[in-house]
Amino acid sequence: MSIERTALGGGQSRKFTGMAGVDADARLLADPSVLRARFADPSFTPAVSPLVAGELHRLANLPRVQRTDVVALFERDQLLAGRLIGDTAGGMRPTPRTPTDVLKEPGLTELHRRIAHLSQRVRVRRTGPFDALFDSVANHNAAVGRIARLIALQTSIPAPYAWLCGLLHDAGITAFLSMIAERGAQLPLEPEALMSILDGRHESAIAELVASWRLPADLGLAVSRHHNPFMDGYAHPMAIILCIADRLAAVHGHPVRPGLGATGGMDGTSSEMVDRARRALGLPDAVWHSVQREAPAALVGLGQDVSRTS
């Protein structure tokens with residue numbers, strides 16, 4: 001049968017025929033641990049957009065890569081970022097103190113080698129109903145990473161680590177959509193119902209992904225609590241920064257879903273929660289206002305290249 005549905009984030013009506021894969025997709029969405037098994041498989045490489053595939057090949061053919069080139073690539077595809085950072089850190093001897101050390105020598109040399117290897121077997125994602133959402137989630141993650149770095153500069157938390165946590169914090173959304181899209185399944189639920197499921201599962205999903213990438217457990221804990229950083233009276237400092245940055249990214253034009261600003265679903269961290277997080281972090285009013293003023297400048301240029309894939 002044919003059912004008329006609105007594509008996620010696209011603002012256009014698209015027609016999907018049939019309901020094949022609905023039950024399998026529902027089971028997938030109900031069990032984030034499925035992601036861990038899939039993404040921990042060294043033979044599995046998530047499909048990427050044509051833009052990201054082209055950038056991978058370009059970087060692979062350079063005599064050496066610059067940190068700025070790699071950061072730009074990671075801001076376009078966070079599943080790729082997590083996989084490459086985890087694999088590179090795991091292959092370095094001595095093991096880097098923090099995952100972000102892969103963006104410094106000798107990490108960049110090892111990272112370049114892995115980019116070259118990955119470029120030979122990368123798969124290009126087909127155009128589909130999730131394209132607009134893939135792009136908006138990537139932009140949102142990149143924005144949260146930049147703002148998290150800005151906030152961390154006012155604390156004792158290393159700014160590069162805050163950037164990485166922000167960059168990866170909503171990659172669980174992309175992973176769910178990627179697996180559904182790659183299996184060729186039809187949109188299993190009405191868009192709002194699907195987003196409601198993702199809303200309730202994406203924090204546990206990113207924790208599973210972080211484990212599959214062999215990144216530090218503390219990073220997994222922080223990203224899995226970015227909507228509510230308070231646990232049994234304890235506030236995780238990095239999760240607090242993510243909570244604040246998540247809200248600011250949406251307010252400044254980079255929500256998970258365009259058109260909903262900071263009020264809908266996964267962009268719905270309340271202003272009350274943000275105020276509580278800010279107090280727990282101990283940011284004075286003057287510093288907080290400074291962060292708010294500087295956020296737009298930190299986001300300049302974000303999404304300009306990504307938007308060409310939509």
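This is a predicted model: local features need pLDDT of at least 70, side-chain atom pairs count only at pLDDT 80 or more; totals for chains, interfaces and linings use all residues.
## Surface, core and side chains

Student: Ok, are Cys165 and Cys243 buried or exposed?

Tutor: Cys165 is buried, because its relative accessibility is 0% and the cut-off for buried is under 20%. Cys243 is buried too, because its relative accessibility is also 0%.

Student: How many disulfides does the structure hold, then?

Tutor: Zero disulfides.

Student: Switching to the fold: how many helices and strands are there?

Tutor: The chain has 14 helices and four strands.

Student: What share of the contacts comes from residues 24 or more positions apart?

Tutor: Taking the contacts in the chain with a separation of 6 or more, 73% are between residues 24 or more positions apart.

Student: Now the rings. How many aromatic pairs do you get?

Tutor: The count is zero aromatic pairs.

Student: What about charges, then: which ring face does Arg125 lie over?

Tutor: Arg125 lies over the face of Phe134, and the distance to the ring centre is 3.8 Å.

Student: And where does Arg276 lie?

Tutor: Arg276 sits over the face of Phe230, 3.7 Å from the ring centre.

How values were computed:
Residues are numbered from 1 along each chain as its sequence is written. Side-chain values use heavy atoms; hydrogens and water are left out. A disulfide is a pair of cysteine sulfur atoms within 2.5 Å. Buried means under 20% relative accessible area, exposed over 50%, partly exposed in between (1.4 Å probe, protein chains only). Rings of Phe, Tyr and Trp (its six-membered ring) pair if their centres lie within 6.5 Å; planes under 30 degrees apart count as stacked, over 60 as edge-to-face and the rest as tilted. A charge sits over a ring if NZ of Lys or CZ of Arg is within 6 Å of the ring centre and within 35 degrees of the ring normal. Helices (H or I, at least four residues) and strands (E, at least two) are DSSP runs, numbered from the N terminus. Contact means heavy atoms within 4.5 Å.
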